[in-house]
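This report describes selected features of the structure shown below.

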Amino acid sequence: MVFILGVNFPERNLVKKALQSFFGIGNDTSARLLARFHIHPTCKVGELANKQVLDLTAALSDMKIENDLRRQILEDIKRLKETGTIRGRRHALGLPVRGQRTRTQIKTAIKLNRIERRL
Amino acid sequence: MVSPLCWGCLTLLRQAPRTILPSPTAVSQAAAFHTSAAIYARVPAPRGRDSAVGYRRSTSANIKKKRKVSERARPPPVGERKALRKRIVLSNPNALEVEGMPELSEETMVDSRLRGTVVGLPVPMLDQLRAVQAFKPKQGWSIFRRPGTVLRRETLEMGRLFENISGEGEDRGVVIKRIISGQRKSGKSVHLLQAMAMGFIKKWVVFTVPEAGELVSATNSYAPLSDENPHLYVQNEATAALLSRTAAANKAVLSKLRVSQHHPTLSAAKPGMTLEDLAKIGVQDPASAWTVFQALWLELTSTSAVPGLEKNFTPRPPILVTVDGLAHWMTHSKYRSAQFEPIHAHDLVFVRHFLSLLKPGQDKPTLPNGGALLYATSTTTNPPSVYSFDVALKQVAARHAGVDPSSPEFPQPEAYSKTDPRVFEALSSPKPTAAKEGMLEHQVLGGVTRDEARGFLEYFARSGLLRETINDELVGEKWTLAGGGVIGELERLGRRVRVAA
Amino acid sequence: MPPLLNLFAARTAVPALRQSAPRHCLASTKAHRVHAHGITGQQRRWNSNSDYSRPDGKTPEEAQRAAESMPHVSEEAAEINKIIDKEKWCDGVPSSPELEQGTMVSEILSRDKEAQKHAPKVFQDQLKKGPSGSRSFSTSARPGQGEVEAQKDAQKESSSASASGSGSGSDATSEDRASAALVQSMITQVTQEATAMLPPGLKFPAPESLPRTEHYRKRYESVVDQFTKLMMRDGKLSVAQKNMSQILDHLRSAPPPNQNPRRRLLPGPPAPQLPLNPIAYLTLIIDSVAPLIKLRNIKGLAGGGASVAVPVPLAERQRRRAAIRWIIDASDRRRDTYFATRVANELLAVAEGRSGVWEKKEAVYKLGIAGRAMVGRKPRKK
C-alpha cells in the first residue's frame with residue numbers, strides 16, 4: 001500500500017489509474033505527470049521509488065484538484081448566475097447551457113444542471 | 001371620481017395577500033428570471049403512485065430480466081494467462097522418434113552433404129537456448145519429439161563463417177554484420193536461433209535481444225542517463241534482464257574469464273573476479289546495470305590486459321549479438337520526455353549501443369576478437385512500417401554491392417516523403433578501415449529449395465505427422481502452395497492432415 | 001492430322017527428302033512450314049499431351065511411311081486452286097509457296113556446292129555446324145514438338161550412319177554413337193508414353209483418387225468443419241478456426257487415453273496411435289458419444305393434453321451435431337483459462353469415459369426406450 005497525496009493505493013494498481021482517481025486528473029494530465037517524473041505508463045504503484053512517490057505528491061499538492069477544483073466550478077456557476085448571463089440562467093433552470101436543442105434529449109442537463117451542482 | 005382611499009392605503013392593501021400566498025423564497029430563487037409571476041404558477045398536485053415514474057420512463061410493466069448467472073466467477077490467478085501465452089513446449093511424447101537424426105555439432109554445421117536434413121538441437125544446449133529466449137511460442141516446436149531445425153543453404157553458409165571466425169585460418173577474428181530480412185514466416189527468427197546454437201557450440205559469448213519491441217513499448221522503467229546527458233535515457237531493468245540472460249546462457253564461458261581492466265565507475269568490480277560474477281552484480285542491483293554492462297562489454301572487447309593485471313587475462317572469445325525485430329528501433333519510442341515529447345528510440349542508450357555496433361570501429365574493429373552481428377526484422381511482433389528504414393535497407397544493399405552513394409543508381413527516398421534522418425544516419429556505415437571488419441550487409445531470406453523442402457517434409461513424415469509418401473509430386477505441390485518454399489508455410493502444410501475421400 | 005507433322009519431321013531432317021518430294025509442299029500451309037523450320041535443339045519442351053502425334057501408337061517408321069503418301073485428292077486440288085487463283089487475281093503476288101515466303105538462303109546454299117564456297121563466313125560456319133543451329137525461329141512451344149524433334153534426330157542419325165557407311169564422311173565418331181543411344185532411349189520413352197495413353201491435357205498420370213480435402217471449399221474434414229462452425233460465436237470463423245487448430249494440437253500432444261471398459265470408444269486404431277492422427281481421434285470421440293435418436297415431445301398421443309417423448313432417428317450429421325453441442329456445453333463448466341483448452345480437455349475426458357456427456361447420451365437412450373411404443377402413432381384429432 002502506497003500513499004499518494006494522503007490516499008492509500010494497493011500496490012498492484014497502475015500509477016496512471018491511481019492518478020486518474022483524483023478529481024480533476026484525466027488521461028492527458030496523468031500522462032504528462034508520469035512523463036515529468038520519468039515513470040513509464042505501465043508502471044504499477046508498487047514499483048515506484050520513494051522519491052517518485054514524493055515527487056508525485058508534491059506535484060499533486062500544487063495542482064488545483066479535488067475539493068479546490070469542485071469549489072471553483074461551483075463558484076464559477078454562481079458567478080455566471082449572479083452576473084445575469086444566459087449561461088447562468090440556463091444552469092439555474094436545469095436546461096442545456098451550450099445551445100443544444102431542448103425539444104428532446106436533455107436528460108443530462110435536467111439531472112445535473114443546477115446552481116448547487118453535484119460534482 | 002377621486003377614490004376615498006389614498007395611495008398610502010393602497011400600498012397597505014397590497015401587503016395583505018402576502019400572508020396567504022407562499023413566501024417568495026419558498027418558490028425559487030430562479031423566479032427572478034421568469035416573465036410570469038411564479039406565485040401564480042399552479043401548485044403541483046401531490047404525486048400519486050403513477051407519477052412516481054420518472055421523466056419519459058416507460059410505464060409498461062417492468063419485469064426484471066433474469067440476470068445471467070456467471071458460472072465462472074473467479075478469473076484465473078494473476079500472471080497465469082501470460083505464463084500460458086508465453087509457455088514454450090519443446091517436446092511431444094506422442095510424436096515418433098526420428099531415427100538417425102543427426103545432431104547439430106561442429107561437424108554437422110558445416111557439412112554441406114547434410115543440406116536439407118533436419119538436425120536436432122543438442123539436449124544440453126536447450127537450457128542455454130531457453131535462457132536467451134531463442135524459442136518463440138508460435139514456432140511449432142511442440143509437435144515434434146525433440147526440437148530440430150533444417151539445414152538450409154543460408155545456415156550452412158553461416159556455419160562456415162562461424163567456423164572460419166573461430167578457426168586458425170586467415171579469417172580468424174573477422175566481424176560479420178548482417179541485417180536479415182525476408183517475408184513473413186521465412187525463418188528469420190529461426191535463423192537467429194541457429195546462429196545462437198552455433199555460437200554456443202563454438203563457445204562464443206552470446207548476447208541476445210529477443211524482443212526489440214519491448215525496449216521501446218514503454219513497458220520498462222526508464223530514467224535520464226545522467227545530468228550531463230539529459231537527452232539520453234537508460235533502461236535499467238531491461239539491461240539487468242539482458243545481463244541475466246547473458247550470464248545464465250554463457251555461464252561456462254564467462255566463469256573462465258576474469259576482470260582485467262580498470263573500471264573507475266564501478267567500485268564493485270574487483271580485479272580477478274570472473275565476468276559471470278561481474279554480470280551478476282548488475283542483475284542483483286538494477287540501478288547499476290548499465291554501468292555493469294559497459295564494464296562487461298569493455299572486458300569482452302579487450303585484446304590485452306592493462307598493466308598490472310596480466311595474470312588475470314585470457315584471450316576473449318568472439319561475440320555473437322542477435323537482435324530480433326529491428327524495425328521497432330527505427331522510429332519514436334512510446335516513452336515521453338519530461339517535456340512530454342516522444343523519445344526517439346535512438347536516444348535510449350541500450351538501443352544506441354547495439355546500433356552503434358553496425359558502424360565501423362574507429363581504429364580497431366567493433367568486435368576486436370571477432371564475432372557476428374545478426375539483426376533480424378521480425379514480423380511476429382507487429383513491427384511498425386518505417387519508410388525510412390525500408391529505403392535505408394536498400395541503401396545498405398547498394399553500398400555493399402559497391403554502388404557509389406553519390407551515383408544516380410543509389411536508392412534515395414522519394415521526394416517530399418517524410419523521412420527520418422536518424423535512421424539513415426544509423427544504417428549508413430561506410431566501408432570499414434580495419435581489415436578484419438566486414439561491411440554491413442543486407443541478407444534476404446527467401447523460400448527454401450525443393451530439395452530442402454523435401455528433407456523438411458520427410459522429417460514430418462518420419463515424425464508420424466504427415467501420413468503420405470514423400471515424392472516429387474507431393475514436394476512440388478507443397479513447395480508451390482507454400483509460396484515458393486516459405487518454410488513457415490511449409491510447416492503449416494506439413495501438419496495439416498489430408499483425408500482421403 | 002498426325003501424318004502432316006511427321007511429314008515435316010522427315011523433311012527437315014533429311015535434306016534429300018526435301019528435294020525429292022517438292023510437291024508435298026503443296027499440301028503444306030504457311031504455319032506448318034514455319035513450324036518445321038522453327039524446331040531447334042534449345043526449344044524442346046515435353047508438353048502435356050505427348051501422344052498428340054501418334055494416338056494409334058505407330059512406330060516412327062510406320063509413321064514416316066504414312067507421311068510420304070500423298071495427301072487427299074481434294075486437299076491437293078484445293079491447294080492448287082488457291083495458288084492458281086492467286087496468280088490470276090493480281091500480277092505482283094507470288095504464285096508458289098516458295099516465292100510467297102521467300103527461300104531460306106541456307107537452303108539454296110545447301111543445294112549449290114559452288115555457292116557454298118563463296119558464301120559469307122557466317123553461313124559457312126553454320127553449314128559446318130549442321131542443321132541444328134542455335135537460332136530459334138520462335139520461342140513459343142507447340143504441341144508434339146518433342147516427338148518431332150526426336151524423329152528428326154533419328155533421321156539425322158540414320159542418314160549420317162549411311163554416309164559413314166559409304167565412306168564419304170569420316171566424321172562418324174563415338175559421339176555419334178552415344179547420341180544414337182540417347183535418341184534410341186528417347187524414342188522408346190516416347191513410344192512408352194504413347195502406349196501409356198495419358199488423357200489429353202495431362203502432364204502426369206492422374207491420381208487414382210484425389211483426396212476430397214484437396215478441394216479448397218472442402219479442405220477441412222467434414223467433422224472438423226462441423227465442429228469449427230459449432231464453436232463459432234458472433235460469426236467469427238477465423239477465431240473458431242484458430243481454436244480448432246489449438247484443439248487438434250492439444251489432442252496431438254496429450255497422452256493417449258486410458259479407456260474406461262464401461263464406456264469404450266468405437267472400434268478404431270489402438271489408443272497409443274490415436275494422437276498421431278488427431279482428426280481420426282476427434283472423429284472417433286464424437287462418433288462414440290453421438291446419440292442415434294433424439295426425443296420429440298408430441299402432444300396428445302397418450303390421450304389428454306399430456307405430451308409424450310417419442311424417439312426420432314437422426315442422420316449422421318445430426319448425430320454429430322448433438323454430440324458436439326453436448327461436448328461444448330460440458331466444457332463450459334471447466335476451469336481452464338482458454339476456451340480451446342477447455343474443449344480439448346473435455347474431449348479427452350470423453351475419450352477416457354469421465355465426461356458427463358456419456359450420461360447425457362444414456363439418459364436420452366433410456367427415455368427413448370421408454371417411449372418407443374409410441375413410435376409411428378399419429379396424434380388423435382380433436
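## Helix pair in chain B

Angles between axes under 35 degrees count as roughly parallel, those over 145 as roughly antiparallel, those from 65 to 115 as roughly perpendicular, and the rest as oblique. The model discussed here is predicted. In chain B, the axes of helix H7 (residues 236–249) and helix H10 (residues 289–300) come within 8 Å and cross at roughly 40°. H7(B) and H10(B) are therefore oblique to each other. The crossing in which H7(B) passes H10(B) is left-handed.

On the side of H7(B), the contact is formed by Asn236(B), Thr239(B), Ala240(B), Leu242(B) and Leu243(B). H10(B) contributes Ala289(B), Trp290(B), Val292(B) and Phe293(B). Classified by residue type, the contact of H7(B) with H10(B) comprises 7 nonpolar and 2 polar residues, with no charged residues.

## Overall composition of chains B and C

Chain B contains 16 helices and 11 strands. Of its 501 residues, 38% are buried. Among the contacts in chain B with a separation of 6 or more, 73% are accounted for by residues 24 or more positions apart.

For chain C, the secondary structure comes to 18 helices and 2 strands. Of the contacts in chain C between residues at least 6 apart in sequence, 66% join residues at least 24 apart.

## Contact between chains A and B

How many residues does each chain bring to the contact between chain B and chain A? Chain B provides 15 residues and chain A provides 12 residues. Within chain B, strand E5 (223–224) and strand E8 (332–336) each supply at least two residues of the side that touches chain A. By class, that side of chain B has 10 nonpolar, 4 polar and 1 charged residues.

## Domains of chain A

The domain assignment of chain A gives domain 1 (2–63) and domain 2 (67–112). The C-alpha centres of domain 1 and domain 2 of chain A lie 32 Å apart.

## Positive phi angles in chain B

Most residues other than glycine have a negative phi. Lys185(B) has a phi near 65°, a positive value in a residue other than glycine. Lys185(B) is located in the loop between strand E3 (175–182) and helix H6 (188–201) of chain B. Is Lys185(B) buried or exposed? Because 21 C-beta neighbours lie inside 10 Å, Lys185(B) counts as buried; the cut-off for this class is 20 or more.

Lys203(B), which is not a glycine either, has a positive phi of about 60°. Its position is in the loop between H6 and strand E4 (205–209) of chain B. Lys203(B) has 13 C-beta neighbours inside 10 Å and so counts as partly exposed.

## Leu161 of chain B

Leu161(B) lies in helix H5 (residues 153–166) of chain B. With 19 C-beta neighbours inside 10 Å, Leu161(B) counts as partly exposed, because a residue is buried if 20 or more such atoms lie within that distance. Leu161(B) and Gly173(B) are 12 residues apart along the chain, and their C-alpha atoms are separated by 11 Å.

Note on methods
Residues are numbered from 1 along each chain as its sequence is written. Chains are lettered from A and ligands numbered from 1 in the order in which they are written. This is a predicted model: local features need pLDDT of at least 70, side-chain atom pairs count only at pLDDT 80 or more; totals for chains, interfaces and linings use all residues. Axes are lines fitted to C-alpha atoms, for helices over the stretch in contact, and angles run from 0 to 180 degrees between N-to-C directions. Helices (H or I, at least four residues) and strands (E, at least two) are DSSP runs, numbered from the N terminus. A crossing is left-handed if the near helix is turned anticlockwise from the far one by less than a right angle, and right-handed if clockwise. Two residues are in contact if their C-beta atoms, placed from the backbone, lie within 7 Å. Ala, Val, Leu, Ile, Met, Phe, Trp, Tyr, Cys and Pro count as nonpolar, Asp, Glu, Lys and Arg as charged, and the others, Gly among them, as polar. A residue is buried if 20 or more other C-beta atoms lie within 10 Å of its own, exposed if 12 or fewer, and partly exposed in between; C-beta atoms are placed from the backbone. Domain bounds come from an automatic or database domain assignment.
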